[in-house]
Every structure is written in structure tokens, then in C-alpha cells.
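Please consider the sequence and the three-dimensional structure displayed below. The paragraphs that follow treat selected strands and charged side chains in turn.

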Amino acid sequence: MSNFQKLVLDIETVGENFDSLDKPTQESLTRWIKKESESEAEYTEALDELKNGLGFSALTAEIVTIGVLDCDKNEGVVYFQAPDENLVEFSAKGGSASGGKEDNITYKQCTEKEMLEKFWEGAKKYNYFITFNGRAFDIPFMMVRSAVHGVRPTKDLMRGRYLYQQTSDAVHIDLLDQLTFYGAVRKKGNLHLWTRAFGITSPKVSGITGDDVGKLFKEKKYAEIARYNAGDLRATKELHEKWESYMKF
């Protein structure tokens, strides 16, 4: 694999406020839970679950960070949204930034459209892309949101789920696929469980999980989200190294 230019990538997303959606959209989203709920309490529970899950669909959410990490250089960038802010500094002790750097990660404030443009432009330099659950979430989400903004992807990262089906200009290693042998095992596990098993520092040790991103975004804690995204990048890179050294054939 020495001929491959390797890039780890990860995104964070935030769902829209359900109550601010137009009535037809609300009706479309709740139609099935209304039919399937057998009581008011069951409907209320299902509605809360639906509201909390809007961030998982590119139709009801947007990307608030895109993080990338060059495996050979061990340097990366986290593009992050910070609406109505003009953030100019970034320090290890706190604060936030549009052009600062922390350890091996540079943080750049962008709109969603700008971060997608920057990602796809940078992707031209790479032919080996590493994600965790990227085939089911990150890449489809990015492709839909790119289309929404009129941005054309430069790499087809959904071409062929199996490695033998992929071409050398855009190899996509989804570690969740590889570590679970394409879903053959019963328990797939999330990134935290896999990093824990391999003795890798989990991004969850900071006290933040993906479920917290929406709340943090509302609280304008943009730097915390960006740092969490950077933690995902580092953990995914180390997990890939374990897979490549001991499990890949």
C-alpha cells in the first residue's frame, strides 16, 4: 500500500429543529409513527426519538464539521461551522479558531458549502480513503449535501462495497465493514468499542459523544465539536493501522 496516498475522513452533523419545519414536512416525517403507535405515550416517545434522529439524514440535517487526516504526514484539517461568529484564534487551553492549529490539526471556519468544496478539491490528491461506517453514513451524506449546494464530488467513494470491486484511484476502506467481515459478525460495535478493544484512545474519553453534537452546536461550542471530530480522525487512523498490520490480506 506504499503507493497509496491515504486520507482519513470523518464528519459531524446537526439536525434541523423539528418545530421549525413546515407542516407538510412534519406530516411526512411522522406519518408512520402515527400509524404504528398504539397509544399517545408510545407516539410521544417515538416523536422524541424522531426529533433526536433528524441529524442522521441529509434531508433534515447539515454537516457542521468535516475532518481529514493525511496518514503519511500525520497532519490534518478540521473544517467547521460557527454561524454568526468570526473566530480567529485557536489555543490548546480553549477558544476557537478559523485559522489556528493544535498539535497536528489545523482548524478552519467554513460554511457547509465551503467545507464540501475544500474536501472534494483536496480529495483529488488521494486515492485511499479511510472511514469508520463511512459507507453507510459519512460518504452518502456528503454526496447528497454536495448536490444540494451544487458541488460536484471529485471521487466516487461509493463504487463497489467489496475491495476487489474498487479501482485504484478511489479505494474506500470502511473499517466497520472490514473489522466485521462485511457484517458477518452478530455484534458490530461502534468506534469507541473497537478502539477500546485495541487499546487506542477513544474520542469519547473527552466526555463528548456524537449524540452531544446537536446540543453543543446550539450552545455555540463550536471548538468542542471540532476537537471531538479531530479525536475521531486520530482514533480511526490508529484503528486502520491495526487492521492493516494484523487483519488485512
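Which residues are linked with R159 in a network of salt bridges? The network consists of D156, R159 and D169. A salt bridge is defined here as a side-chain nitrogen of Lys or Arg within 4 Å of a carboxyl oxygen of Asp or Glu. The model is a predicted one, in which local features need pLDDT of at least 70 and side-chain atom pairs count only at pLDDT 80 or more, while totals for chains, interfaces and linings use all residues. Residues are numbered from 1 along each chain as its sequence is written, and side-chain values use heavy atoms, with hydrogens and water left out.

Helices (H or I, at least four residues) and strands (E, at least two) are DSSP runs, numbered from the N terminus. R159 is partly exposed, with a relative accessible area of 32%, and D169 is likewise partly exposed, at 36%. Here buried means under 20% relative accessible area and exposed over 50%, with partly exposed in between (1.4 Å probe, protein chains only).

The whole structure contains eleven salt bridges. One of them joins E244 to K6, with the closest N and O atoms 3.1 Å apart. This pair links distant parts of the chain, since E244 belongs to helix α8 (residues 222-246) and K6 to strand β1, 238 residues apart. K6 is buried, with a relative accessible area of 11%, whereas E244 is partly exposed at 23%. A further salt bridge connects K221 with E219, the closest N and O atoms being 3.3 Å apart. K221 is partly exposed at 35%, and E219 also counts as partly exposed, at 35% relative accessibility. Side chains of opposite charge can pair when their charged atoms come close.

Two strands pair if DSSP finds at least two bridges between them. Strand β1 (residues 6-15) pairs with β2 in the antiparallel sense over nine bridges, and L9 has V68 in β2 as its bridge partner. Strand β2 (residues 61-70) is mostly covered, as nine of its ten residues are buried. Strand β2 is also joined to strand β3 (residues 75-80) by six bridges, and these two strands run antiparallel. There, T65 has F80 in β3 as its bridge partner. β2 and β3 form a hairpin with four residues between them, and N74 in the turn has a positive phi of about 55 degrees.
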